[in-house]
Amino acid sequence: MIQLAEIWKEILNNPGVIRTRFNPYFLTQTGEILSERGFHEAKIFLWDSCRDRRLREQAEAMLYVINLMESASEIRLDRSRGRFLIKQISMIR
């Protein structure tokens with residue numbers, strides 16, 4: 001299984017995530033949905049967000065991140081760690 005440090009490294013090495021300008025509210029909303037409702041609901045929210053051209057780039061980058069997180073057992077056991085990681089993405093720049 002993949003660990004948090006490995007996920008963070010993958011995020012930092014992904015140009016699709018790094019070059020995306022994230023709206024902090026969008027990240028907060030995504031993190032809250034993940035934490036409270038789980039991976040499936042978060043993906044549905046992001047797929048729905050892809051229909052809005054203003055959110056498409058952010059949603060696609062977050063789908064990549066959510067898919068990475070889903071493979072980490074410590075995030076599956078405690079989704080609040082995933083929420084924390086998502087909020088940290090706004091500080092990448």
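**Note on an all-helix chain**

1. The chain has seven helices and zero strands, where helices (H or I, at least four residues) and strands (E, at least two) are DSSP runs numbered from the N terminus. Read along the sequence, the pattern is accordingly α-α-α-α-α-α-α. The radius of gyration is 12 Å, close to the 12 Å that the globule rule gives for 93 residues, so the chain is as compact as a globular protein of that length; the radius is taken over C-alpha atoms, and the rule is 2.2 Å times the number of residues to the power 0.38.

2. On provenance, this is a predicted model, in which local features need pLDDT of at least 70 and side-chain atom pairs count only at pLDDT 80 or more, while totals for chains, interfaces and linings use all residues. Residues are numbered from 1 along each chain as its sequence is written, and side-chain values use heavy atoms, with hydrogens and water left out.

3. As to overall dimensions, the C-alpha trace spans about 35 × 25 × 15 Å along its principal axes. The accessible surface comes to about 5600 Å², and 50% of that surface belongs to carbon and sulfur atoms; the areas come from the Shrake-Rupley method with a 1.4 Å probe, and for residues only the protein chains shown count as cover. Of the 93 residues, 41% count as buried, where buried means under 20% relative accessible area, exposed over 50%, and partly exposed in between (1.4 Å probe, protein chains only).

4. The mean positions of the 15 positive and 12 negative charges are 4 Å apart. Here Lys and Arg count as positive and Asp and Glu as negative, with His and the chain ends not counted, and the place of a charge is taken as NZ of Lys, CZ of Arg, CG of Asp or CD of Glu.

5. The largest nonpolar core holds 27 residues, of which Ile7, Ile11, Leu46, Met62, Met69 and Ile89 touch the most other members; such a core is a set of buried Ala, Val, Leu, Ile, Met, Phe, Trp, Tyr and Cys residues joined through side-chain atoms within 4.5 Å. At least two residues of this core are supplied by each of helix H1 (4-12), helix H3 (24-37), helix H4 (39-49), helix H5 (56-70) and helix H7 (79-88), and the largest share, eight residues, comes from H5. Ile11, once its neighbours within four places in sequence are left aside, is in contact with Val17, Ile18, Val65, Leu68, Leu85, Ile89 and Ile92.

6. Ile2 sits in the segment before H1 and is buried, with a relative accessible area of 15%. Apart from neighbours within four places in sequence, Ile2 is in contact with Ile7, Leu68, Ser71, Ala72 and Ser73. For the pair Ile2 and Leu68, a separation of 66 residues in sequence goes with a C-alpha to C-alpha distance of 8.3 Å.

7. Ser49 lies in helix H4 and counts as buried at 6% relative accessibility, whereas Cys50 lies in the loop between H4 and H5 and is buried with a relative accessible area of 16%. Not counting residues up to four places away in sequence, Ser49 touches Phe26, Leu55, Arg56 and Ala59, and on that basis Cys50 touches Arg56, Ala59, Glu60 and Leu63. Cys50 and Leu63, which are 13 residues apart in sequence, are 9.9 Å apart from C-alpha to C-alpha.

8. Trp47 is also found in helix H4, but Trp47 is partly exposed, with a relative accessible area of 47%. The C-alpha atoms of Trp47 and Ala61, 14 residues apart along the chain, are separated by 11 Å.

9. Gly82 has its place in helix H7 and counts as buried at 0% relative accessibility. With neighbours within four places in sequence left aside, Gly82 is in contact with Leu34, Met69 and Ile75, Met69 being one of the core residues that touch the most other members. Gly82 and Gly38 are 44 residues apart in sequence, and their C-alpha atoms are 10.0 Å apart in space.

Key: Contact = heavy atoms within 4.5 Å.
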